[in-house]
Amino acid sequence: MTGESKFISGIVPPAETKEPAWWFAFQGTQLLVYQKPDSVSIPCLVDFAELGLIALSQNYLGRLDDRDCYAVELAEGTALPPGMALEGLRQVYGRLDEPLFWVATRAVQIVDWDRTHLFCGRCGTPLRAKRTERAKECPSCGQLHFPRLAPAIIVLVERGRELLLARSRHFLPGMYSVLAGFVEPGESLEEAVVREVKEEVGIDVKDIKYFGSQPWPFPHSLMVGFTATYAGREISLDDSEIEDAGWCTADHLPPIPGKISIARKLIDSFVEKQKK
Ligand SMILES: [Zn+2]
């Protein structure tokens with residue numbers, strides 16, 4: 001996911017540092033970037049205060065190659081330095097170096113978790129950060145609070161030389177994709193694949209194979225990708241979720257999701273396979 005670069009997660013920042021670090025600063029889910037004509041970059045500074053901006057919180061993320069990385073929360077309405085802007089992660093994909101983009105997807109989730117987990121959900125006591133793992137601990141009742149992560153399956157269903165594509169009600173006009181849905185408590189990933197496909201389009205699947213996974217920070221999912229083979233029944237739509245679905249061949253595809261998504265990687269992989 002990060003090409004040649006290597007990210008090593010960490011909790012405790014270095015005691016003292018004189019080297020510049022990457023600063024992933026968010027106001028809500030908007031990332032602070034330097035805007036250039038065809039790209040964006042993020043601040044690389046020894047101290048975030050050099051920008052003259054106030055950080056409401058600061059979390060150490062780890063190291064990307066030889067640089068430390070921090071997540072920072074900016075106050076609403078902060079006035080930005082010249083040449084800087086706040087942009088959503090989807091907007092910066094393809095314009096920010098990809099290794100930095102994927103660290104930014106971690107950073108936005110840590111900032112959100114830090115901001116929304118101030119008090120113990122069991123007893124209401126202010127929480128404090130643990131130094132041994134990415135968690136907060138209640139000093140009163142001992143309850144641990146971890147960053148939220150919602151696993152979801154995403155599955156490409158094949159039928160011979162065709163694949164199943166569907167349109168959710170909340171997609172952009174005309175766009176189709178493979179099926180996806182959240183895993184329920186107590187369910188295996190494979191069971192979630194079978195249930196989601198059945199619920200959304202009414203068909204049976206078999207030969208479920210793992211494809212790959214991808215963090216999806218909108219807001220805190222982990223997408224686990226699979227392929228599966230059609231095993232019977234006609235398509236019948238769950239009209240609360242899906243407004244259209246059908247079988248397509250690789251040479252007649254409707255508009256599909258962009259390269260940021262594992263949905264696209266699943267579809268591209270299917271298309272490649274048809275060429276062989
Ligand atoms: Zn508590």
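Helices (H or I, at least four residues) and strands (E, at least two) are DSSP runs, numbered from the N terminus. This is a predicted model, in which local features need pLDDT of at least 70, side-chain atom pairs count only at pLDDT 80 or more, and totals for chains, interfaces and linings use all residues. Residues are numbered from 1 along each chain as its sequence is written, and side-chain values use heavy atoms, with hydrogens and water left out.

**Figure 1. Overview of the protein chain.** The secondary structure comprises four helices and 17 strands. Along the principal axes, the C-alpha atoms fill a box of roughly 60 × 50 × 35 Å. Of the 276 residues, 45% count as buried; buried means under 20% relative accessible area, exposed over 50%, and partly exposed in between (1.4 Å probe, protein chains only). Contact means heavy atoms within 4.5 Å. Among contacts between residues at least 6 apart in sequence, 64% join residues at least 24 apart.

**Figure 2. The zinc site.** C120, C123, C138 and C141 each donate SG to the zinc ion, at 2.3 to 2.4 Å. Donors are N, O and S atoms within 2.8 Å of the metal (3.2 Å for Na, K and Ca); water is not among the atoms, so sites may look incomplete. Angles among the four donor atoms run from 99 to 120°, and the site is tetrahedral. The donor residues follow the spacing C-x2-C-x14-C-x2-C. C138 is buried, at 2% relative accessible area, whereas C141 is partly exposed, at 29%.

**Figure 3. R264 in helix 4.** Helix 4 spans residues 262-275 and holds R264. R264 counts as buried because its relative accessibility is 18%. Leaving aside residues up to four places away in sequence, R264 touches I256, P257, G258 and K259. F182 is 82 residues from R264 along the chain, and their C-alpha atoms are separated by 18 Å.

**Figure 4. The cis peptide bond at P219.** The bond from F218 to P219 is cis, with omega near 5°. P219 sits in the loop between strand 15 (204-216) and strand 16 (221-232).

Figure 5. D65, a residue other than glycine, has a positive phi near 55°. D65 belongs to the loop between strand 6 (55-64) and strand 7 (67-74). Its relative accessible area is 42%, so D65 is partly exposed. For D207, also not a glycine, phi is positive and near 50°. D207 lies in strand 15. D207 is partly exposed, with a relative accessible area of 44%.

Note on methods:
Tetrahedral: all angles 85-135°; square planar, octahedral: opposite > 155°, others 65-115°.
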